[in-house]
Amino acid sequence: MGFLNGRAWSPYLAGALAGLVLCISVFVAGKYFGASTTFVRAAGFIENTVAAERVTQMPYFVKTRIKVDWQMMFVVGIAAGALVSSLISGTFKIVLVPPMWKGRFGSSFTKRAFVAFIGGIVAMFGARLAGGCPSGHGLSGLAQLSVSGFISLALFFIVGVIVALSLYRKGV
């Protein structure tokens, strides 16, 4: 198999496997993919160590307990699976500033980290505002033939292409 000799996994194979895992998850556990709530709960965990009395009075955490649940394990599994698959394929490497970023924006790790952090905040705000993330709305929504799943996934791709073109187009 090509993914074991230093080449990245085929996106078609990876997509098919993700779909298979989604089907198994729904069949075995009755759970669809989703990740954005995990980050809110993780923030709650962190804040709970500093100001527990404040967290217990937040309406969101009163309604949704702070706990390690299937979704948190799903997010941990994503990170662990990415690590394992990159090790198996021989493509694992630590890169502080990818060549594409360096060519477009310079070699500053601090600038890249700052922009990535701001991008993460914007993405998380959007995911929470939309009531879910690309994995929840896109993959799980499509699996359920949800109109909102089709619309949101199309918009994720459209906006992603627009942002990528605006950041990485040649000659800028």
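The protein exposes about 11900 Å² of accessible area, of which carbon and sulfur atoms supply 73%; accessible areas come from the Shrake-Rupley method with a 1.4 Å probe, and for residues only the protein chains shown count as cover. The structure is a predicted model, in which local features need pLDDT of at least 70 and side-chain atom pairs count only at pLDDT 80 or more, while totals for chains, interfaces and linings use all residues. Residues are numbered from 1 along each chain as its sequence is written, and side-chain values use heavy atoms, with hydrogens and water left out.

Of the 172 residues of the protein, 22% count as buried, where buried means under 20% relative accessible area, exposed means over 50%, and partly exposed lies in between (1.4 Å probe, protein chains only). The C-alpha trace spans about 50 × 40 × 35 Å along its principal axes. The protein has nine helices and zero strands, these elements being DSSP runs numbered from the N terminus (H or I, at least four residues, for helices; E, at least two, for strands). Among contacts in the protein with a separation of 6 or more, 52% are accounted for by residues 24 or more positions apart, a contact meaning heavy atoms within 4.5 Å.

Two packed helices are described by the angle between their axes and the distance between the axes. Helix α2 (residues 36-50) and helix α5 (residues 70-89) pack at an angle of about 100°, with their axes 9 Å apart, which makes α2 roughly perpendicular to α5. Here the axes are lines fitted to C-alpha atoms, for helices over the stretch in contact, and angles run from 0 to 180 degrees between N-to-C directions; angles under 35 degrees count as roughly parallel, over 145 as roughly antiparallel, 65 to 115 as roughly perpendicular and the rest as oblique. On the α2 side, Thr37, Thr38, Phe39, Arg41, Ala42 and Phe45 meet Gln71, Met72 and Val75 of α5. The residues of this contact divide into five nonpolar, three polar and one charged, with Ala, Val, Leu, Ile, Met, Phe, Trp, Tyr, Cys and Pro counted as nonpolar, Asp, Glu, Lys and Arg as charged, and the others, Gly among them, as polar.

If a salt bridge is taken as a side-chain nitrogen of Lys or Arg within 4 Å of a carboxyl oxygen of Asp or Glu, the count comes to two salt bridges. In one of them, Asp69 pairs with Arg41, the closest N and O atoms being 2.3 Å apart. Asp69 lies in the loop between α4 (59-63) and α5, whereas Arg41 lies in helix α2, so the pair ties together parts that are 28 residues apart in sequence. Asp69 counts as buried at 14% relative accessibility, and Arg41 counts as buried at 8%. Glu47 forms a salt bridge with Arg54, with the closest N and O atoms 2.7 Å apart, and Glu47 counts as partly exposed at 23% relative accessibility.

In helix α8 (residues 134-143), Ser135, Gly138, Ser140 and Gly141 are buried, and what covers the buried residues of α8 includes α1 (11-29) and α9 (147-168). Leu145 has its place in the loop between α8 and α9, and it counts as exposed at 66% relative accessibility. Most residues other than glycine have a negative phi. Leu145, although it is not a glycine, has a positive phi of about 55°.
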